[in-house]
Amino acid sequence: MKNIGIRDDTVRPGRSSGGRRRNAVFYFDLSEALPYTERMAKMLREVTGTVGALAKGFAVTFKTMFRPAVTENYPAEPVHFEGRYRGLHVLRRDENGLEKCVACFLCAAACPANCIYIEAAENTSDHRISAAERYAKVYNIDYNRCIFCGYCVEACPCDAITHGHGFEIASYDMNGLVYRKEQLLEKPPAAAAKP
Amino acid sequence: MPETMTTAAPSAVTLTIDGKTVTAPPGTLLIEAAKQAGIEVPSFCYYPGMALQGACRMCLVSIEKMGKLQTACTTTVAPGMVVHTENDEVRNARKAMLEFLLTNHPLDCPVCDKGGECELQDAVFRYGAAETRFMESKLHHEEKQFSKLIYYDWPRCILCYRCVRVCDEIMDVNAYGVAFRAAHSEIIPNRGEKLECEECGMCVDICPVGALTSGTYRYKTRPWEMNYTGTVCNHCGDGCKTTLSIRNNEIIRANNRDHSGINGEFLCVKGRFGWDFVNSQERLLEPRVRRNGSQAPASWDDALGLAVERLKAVIKEHGRDAVAVIGSNRTSNEENYLLQRLARSVLGTNNIDHHRTADYASLVGALTAAGAKDRHATMAEIASANSILLIGNDPTQQHPLVALQIREAVRQHGAHLYVINRNRIKLAERQAAVFAEVKNETEALASLIGDSPSGELAALREKLQAESDTVVIFGSEIQGRDVQRLVRWALALPGRTRFVALGDYANSRGAADMGLLPNTLPGYSPVSDVAASARFESVWGGSIPSKPGRNIREIIVDIDSGAIKALLVFGSNPAKTFGVSKETLAKLSLLFVADLFPTETAAMADVVVPAASFAEKSGTVTNLCGEVQALRKTMRKAGTRSDFEILLALARLLGAAWPYRTPDDVLREIVERVPGYSIALPHLLVGGAVPTRPEGAPLALERADLVFSSGDSLFTSGSVSRFSWALNAPEEARRPRGHIF
Amino acid sequence: MSDYESYLKGSPLEVQVISRRFRIPNITSIDVFLAHDGYKALAKALKMKPEEVINEVKNSGLRGRGGAGFNTGMKWSFVPRQSPKPKYVACNADESEPGTCKDRPLMEYDPHQLLEGIAIAGYAIGSHQGYIYIRGEYRYLMDILDRAIAEAYARGYLGKNILGSGFDFDIATHTGAGAYECGEETALLNSLEGFRGNPRVKPPFPAVVGVYGCPTVVNNVETLSNVPAIILNGADWYAKLGTPKNGGTRLFCLSGHINRPGVYELPMGFPLRRMIEEVGGGIPGGKKLKAVIPGGSSCPVLTADEIDVAMDFDSVAKIGSMLGSGGVVMIDEDTCMVKMALRIMKFYAHESCGWCIPCREGTSWLEALLERFHSGAGLATDADTALDVSYNMLGKTLCPLGDAAALPTISIVKKFRGEFEEHLKLGACPYERKAVAVA
């Protein structure tokens, strides 16, 4: 198949080379250099090759026509996610319903967009928020700035911050894109159990 | 290394550390010699200036021809020694020590306050012992609250005994001990369940891990989340450098871990915890103006406008001498300088004074007269003195850094301390070579320098006369002519005698230096001195009244008598300090107060404006040794203005065209115009303490009741401490003032 | 003296020098003591020059009986005589080494001999004050000693101008509070001064900076008790009792699985095998010997194959153990060596003072590890971990307690590795299982 196909015109003698494909043409090499039979054989080879390639390509097309569509019918139907999709963050709770976050600030330190803001406070015996000594009194993520890189999740030593699958946060109001802890936090187990 | 060979003493020891030739004086510890050669040997228990422990075994190094690894912190250099600090044997030993430490140490770094600045964490990162083979359950004891300000978390403690030693050896309080043994060893307060101490927090500061934590900083934030600014503590007159840690325009903690400044890492309870008045909810945040008998919020324009309107009216009606100004001993030099310029050249009166807590004018006058103006001791010179004479005051309570320097002089250099005091103060009990307990320091001084001193004073004088290079430290008990007598007598002692007068507050010295005195210009020249006046008139324009003004006692009397109609008060609380009654203050047409808090005086004011605290402005302050240091603006407080801005606004409204835009402009004028203040600005800018050499021939002290100390304790600081939680929370704050910890 | 017989059984093989008066009735009374050569050595020493006394002790080859085995005369000669500071003699009677009970009869049955030795030591180094630091658990011995001291004062053997020689010497007793660590000389000094019994950083050694910062000689009870005999009979006589460089006799405390446990005074260099078989009467029940601890719990154990050794400092050191404090503990074939290691480590984990990291954390780690291993929850890596942890402690601690804990563990893990494997394989202690099966 060395003389058939889309050929760059630059291989033609007398044309300047440069690898440009703009002027490519479809042609048969009918030069007189070869004997007739060889020329014909070559032409037939080129024709069958072309038909074969087309058939192969269309086979894929037809096969796919009878498969179910992968296109998500969003928003009419819910979106399907891969497990590791990095969506809106979720702050997790432990098995006792306490917040996992101990306000170590490592997510904020890891964040390349500097979009996490934390204020820490100390747990007391009658006001216990997390299992450790410290908890996040304020935990804000500024989704104007978040690039969903997942570094915060990587950095978290307590598996407290994870990526959920939320993504519908487009807004006309920038202020609304600063999510507070209450918005990010997983629901307490008791509340989750309610229908 | 030919340079080091030639500069070292002939008896210096030459040894090899990691292939580097190191020369050190004999007796140098290996760990220090390595440090000089730029080789860091890790250690937890070794701390310069404190007793050797050999406990943490982190500084093990291998020395050729010695069988076992040796601790670099207890081995002294020897000629020809060949030391390896980083070979495999040493690295493995260090890794083993860290593995041992981490067996019972909880890995709660994400929660621990020390995470990010923890020496154990750093060492583990360096030597990599994060993976443990320890399979057993870790020992655990519950956290203890040692005091309102100090907590102890046993599992995190690595028992380096730094806290025990710093409290015993450096603070001389000895509040900590060790209880139990083996893996259950624990740090305990020596006197009962709770700490009974000065609450200086040195133990928290020096703790290499998060075992001792601070009650004010605990679990608030993380070290990398804060901004750090080095400034000067605003409480007593010692002028400790403090590094404020700021987050969200709020001070979170103060320490001086970089050992910069005259105090090294030292801070007392006020410096380390007492900054919280800045964050107080009771701060004044908007101007208030008295209308129809009660104060109401007002705009800055209204408040200052009203003040200026009334001032102009008073001057028009009663003359310039019907106005008086009371300054502060906490505001910066620049502000004090501008305040007296406002009084002298804009308002045209010498009626300006402040609460004098030490008689600096007499000291400068006496030293100038004796031709010894360079005999002001610096803070460092106290610690290196051969002998120290302390008359009056109680530095342990009022000047913790001075007390520390005295203790270090005695402990590290074997200096002799001579104390003359009416009370059995702690320095007298613990450090003094001779203590003369007297009824009255003034009379004792007369006896000491008189012909026949009595009793202990005679012994004290005899011993003192055999000393050399004495530093004489005195409180407000010695004032006026007594200062002159003391200076004359002490200068005759052998060697270079130097002097320190103990003024109460951050800029007590600066207030006097900047001329917040009725009879003295900045730099201690009398107002009647035409040449000195001309020095300032040439830049200020106009003329300075040459008649001395009223001092603070006279101002108060004349408010009562009606001769003074307008009083401007900046950062002072005369109603409390001088007991001025409400009735007296009510007689004024204008009482203008600029302050941080609603004080007794501010409550009576016609116009109150909220001033900025030390953390919210820049400028310079002069400590009691005459060393100038820079205040740096670390944060902002919405609603407040610095006294600098307030003064500038007042001057503008009063029609004066002042050329200053920043406090630096004022400092440049001070450096140029005030005698003794021609200081090197680069040194100041990099955070140094620059000594000043003021000179002048001030008029004699007018009367005896002008100079007096507030008698603060470790937990009080004039009118400010009541707005601090940390200075009131500890149990110890309720002990009587003279209590010895 | 009710339990007299229980541990002073006596043996014809004994060479009694310091224990020669043990069986004399009422020997604690000074009159009886004086009738048996009492205080003659002191009188003789006071006529000698201090340097001569030191030389005599040095030449006798007397080596410290506390465990380290340092030449006593040499130790005395390190005290700077010219120092203007007062000098002290501290007698270490904090006998706490498991398996050792030799100082107790010395104080209980011949207290004056000790006082005499201390006074001679004081004279030799130019000291005027001696202290006897007694183990907290030996408080009852303090009464005996205090009574003896009072008698000695009354008769002029202590106090001012002893025997008209112009030499003044005082002795005071001081009790510890039951800490093994206070047997370490610098920890003893701390405790004596009233501080927590932590060891101090060495150098400076106590001979230069000891009690209250003054030069101090710290010697074991047995060491000092030997001094009068040396002075009285001469260095050569004493040296010849033992082997070269290991002068004299020594009190060996035989315990464990042995027929006649007790304290026996035997010459240095006495063969261990004869000690077990002839002096001690062999292992009870005709069982086989498995191992021997030759000098108190801090010494590496010897296997039954290694007992053909002369019991002197150098010979025992040559086979990788120590003569230590003379506590010889026999272990028979039915003993679990893992449990043995655990029992030893329990002691050290309890007695570590907690001052330095390797000992504080290492002992408690090993205790927990061996506890778990012995109970059957061991891992294949545990034996190696135990060995490695022990090596990490060895030679890296401030005082020898770390080594004392590490050495027996190392020797047990190395020499009885098979028992560790058995525990692993069975998931339980094979010996306990055997005991259950027998029952």
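This briefing describes selected features of chains A, B and C. The model is predicted, and its confidence in chain A averages a pLDDT of 84, with 81% of the residues scoring at least 70. Chain C is as compact as a globular protein of its length, because its radius of gyration of 22 Å is close to the 22 Å that the globule rule gives for 439 residues.

**Confidence in chain A**

- Among the elements of chain A, the lowest mean pLDDT, 46, belongs to strand 1 (residues 6-7), whereas helix 3 (residues 151-155) has the highest, 97.
- Over residues 1-24 of chain A the pLDDT stays under 50, and for this stretch the model has 22 contacts beyond four places in sequence.

**Overall form of chain C**

- Chain C contains 19 helices and 11 strands, and its C-alpha atoms fill a box of roughly 75 × 45 × 40 Å when taken along the principal axes.
- Of the 439 residues in chain C, 58% count as buried.
- Among the contacts in chain C with a separation of 6 or more, 71% are accounted for by residues 24 or more positions apart.

**The contact between chains B and C**

- Chain B and chain C each bring 25 residues to their contact, and on the side of chain B the largest share, seven residues, comes from helix 3 (residues 88-104) of chain B.
- By class, the residues of chain B that touch chain C divide into 15 nonpolar, five polar and five charged.

**Helix 9 and helix 25 of chain B**

- The axes of helix 9 (residues 333-347) and helix 25 (residues 663-673) of chain B come within 9 Å and cross at roughly 75°; since angles of 65 to 115 degrees count as roughly perpendicular, the two helices are therefore roughly perpendicular to each other.
- Where they meet, helix 9 of chain B contributes Asn333(B), Glu334(B), Tyr337(B) and Leu338(B), while helix 25 of chain B contributes Pro663(B), Val666(B), Leu667(B) and Ile670(B).
- The contact of these two helices of chain B has six nonpolar residues, one polar residue and one charged residue.

**Helix 20 of chain B**

- In helix 20 (residues 552-561) of chain B, the buried residues are Ile552(B), Glu554(B), Ile555(B), Ile556(B) and Ile559(B).
- These buried residues of helix 20 pack against strand 16 (323-326), strand 17 (352-353), strand 23 (566-570) and helix 22 (582-586), which belong to chain B.
- Gly562(B) follows helix 20 of chain B and has a positive phi, near 90°.

Notes. Residues numbered from 1 in each chain as written. Chains lettered and ligands numbered in written order. Predicted model: local features only at pLDDT ≥ 70, side-chain atom pairs only at ≥ 80, totals over all residues. Contact = placed C-beta atoms within 7 Å. Helix = DSSP H or I, 4+ residues; strand = E, 2+ residues; numbered from the N terminus. Nonpolar A, V, L, I, M, F, W, Y, C, P; charged D, E, K, R; others polar. Axes fitted to C-alpha atoms, helices over the stretch in contact; angles between N-to-C directions. Parallel < 35°, antiparallel > 145°, perpendicular 65-115°, else oblique. Buried ≥ 20, exposed ≤ 12 C-beta atoms within 10 Å, placed from the backbone. Rg over C-alpha atoms; globule rule 2.2 N^0.38 Å. pLDDT = per-residue confidence, 0-100.
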